[in-house]
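I opened this structure to see what I could read from it, one entry at a time. Come and look along with me.

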Amino acid sequence: MVLSKAASQSDVSVHSTFASRYVRASLPRFKMPENSIPKEAAYQIINDELMLDGNPRLNLASFVTTWMEPECDKLIMASVNKNYVDMDEYPVTTELQNRCVNMIAHLFNAPLGEADTAVGVGTVGSSEAIMLAGLAFKRKWQNKMKAQGKPCDKPNIVTGANVQVCWEKFARYFEVELKEVKLKDGYYVMNPDEAAEMVDENTICVAAILGSTLNGEFEDVKRLNDLLIEKNKQTGWDTPIHVDAASGGFIAPFLYPELEWDFRLPLVKSINVSGHKYGLVYAGIGWVIWRSKEDLPEELIFHINYLGADQPTFTLNFSKGSSQVIAQYYQLIRLGFEGYRNIMENCQENANVLKAGLEQTGRFNIVSKDHGVPLVAFSLKDNSRHNEFEVSDMLRRFGWIVPAYTMPPDAQHVTVLRVVVREDFSRTLAERLVCDIGKVLHDLDTLPARLSIKLGISPEDAKNGVVVKKTDLEVQREITAYWRKFVADRKKTSGIC
Ligand SMILES: *Cc1c(COP(=O)(O)O)cnc(C)c1O
């Protein structure tokens with residue numbers, strides 16, 4: 001099933017200047033070509049087309065790693081042909097994943113004795129990790145309800161409205177009601193008091209986020225833990241906590257070792273983290289760690305032996321590459337605690353440089369917190385003339401990819417821009433970005449205002465996020481199209497950039 005549209009439906013063939021040395025006829029776009037072509041031609045055609053993708057290093061929208069050391073790149077290339085699931089054939093790779101699980105479990109303060117091994121698994125990312133953790137909670141809750149002779153057909157999960165989309169996926173795919181604590185103006189994470197309030201007998205867990213995707217802020221897991229302990233005592237329930245530490249799991253242990261968010265809190269039963277975010281590995285790896293064996297129902301674990309010896313597995317996928325597991329192991333031993341801490345401190349400092357530069361313009365409110373994931377989320381103090389989407393679009397001219405988005409309910413009238421500071425975002429780049437944002441603001445000031453009026457939105461409505469007739473997406477698209485045209489026309493006349 002193709003869910004995404006190919007760029008242009010009208011153009012039926014792919015052209016390439018270089019490849020014309022090898023092929024005379026152009027390639028059909030949507031049908032497999034009848035004949036083979038030389039490997040050089042295939043390479044050239046694809047390489048040429050891919051040049052039009054953005055530069056990953058300038059993609060400030062993403063938490064996902066875009067740079068690794070060449071030595072690790074070598075290990076990755078050397079293992080691309082190893083199927084991870086063939087554990088008996090590749091016992092060393094399996095061993096490396098187990099070492100990673102144990103290292104991360106210790107990092108998260110899992111209550112492990114000297115001889116204990118941690119319970120956890122490598123996944124494709126936090127999304128798969130969260131599906132697995134959610135399934136474990138659901139099954140444990142069902143088992144408990146059945147044992148008590150109670151109905152178990154209406155499970156729910158409590159989160160903030162700021163959850164990442166994978167929680168909504170989990171809820172829909174696995175038929176669990178998602179109960180969201182709404183956000184408020186100026187408060188963009190789950191309020192633990194309201195979350196605890198929302199918990200009922202059918203709540204399989206409360207999911208707290210360490211590093212909200214929207215503004216990097218850490219939710220108060222400790223307070224949530226304390227409130228739920230109290231509530232559990234009063235009601236006789238045993239509502240547990242999952243921590244979605246997709247981005248913060250590799251930040252907090254290094255920058256905020258005193259912060260209690262992990263297995264130090266008794267109700268935290270599982271934690272996920274994205275190896276491919278601040279775990280510093282390219283896309284395709286995540287981890288889920290359980291507090292103890294008792295928190296992962298045995299019936300969810302499959303034992304396979306047709307590839308050799310008995311191997312327990314609990315994943316949604318079967319086959320997958322080994323490279324990412326090996327790359328994670330490389331980073332853990334290459335950097336050690338010291339290396340991770342240095343990198344995270346650098347990221348934090350560069351985020352501060354960026355934040356200070358933005359504040360100096362006097363034009364932005366900073367929506368991210370000093371305590372949290374190294375990112376800067378900011379919104380315009382005055383977006384009545386020009387809004388954040390226009391700033392985002394104008395920054396593209398300089399090569400920067402800085403997303404703008406509206407906050408979830410009940411803060412949907414707030415639009416923010418977000419820059420994620422990764423290891424490869426240097427101080428020079430931070431200063432350069434501030435400078436380019438300054439230019440964008442200057443350009444916007446000289447440009448015709450009130451695009452929103454042209455798009456049929458009254459200034460009052462635009463300010464309140466109310467969109468007349470059009471959906472947010474439609475308006476965004478129109479603004480983007482308008483600016484694209486505007487910028488293209490301007491380029492032709494002034495030759496700037
Ligand atoms: C990125 C992210 C996810 C999804 O993680 P993937 O590793 O991309 O699957 C889930 N939750 C939070 C808080 C995130 O930041």
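**Setting up.** I noted that this is a predicted model, where local features need pLDDT of at least 70, side-chain atom pairs count only at pLDDT 80 or more, and totals for chains, interfaces and linings use all residues. Residues are numbered from 1 along each chain as its sequence is written.

**Whole protein.** I found 14 helices and 15 strands. Here helices (H or I, at least four residues) and strands (E, at least two) are DSSP runs, numbered from the N terminus. Of the 497 residues, 39% count as buried. Buried means 20 or more other C-beta atoms within 10 Å of a residue's own, exposed means 12 or fewer, and partly exposed is in between, with C-beta atoms placed from the backbone.

**Helix α9.** I looked up residues 323–361, which form α9. Where is the kink in α9 centred? I found it at Gly336, with an angle of about 90 degrees; the bend is the angle between axes fitted to the seven residues ending there and the seven starting there. Just after α9, Gly362 takes a positive phi of about 75 degrees.

**Glu359.** This residue lies in α9. I noted Glu359 as partly exposed because 15 other C-beta atoms lie within 10 Å. Glu359 and Phe378 are 19 residues apart in sequence and 9.5 Å apart in space, C-alpha to C-alpha.

**Helix α10.** Eight of the eight residues of α10 (residues 388–395) are buried, so this helix is largely enclosed by the rest of the structure.

Key: The expected span of a helix is 1.5 Å times one less than its number of residues.
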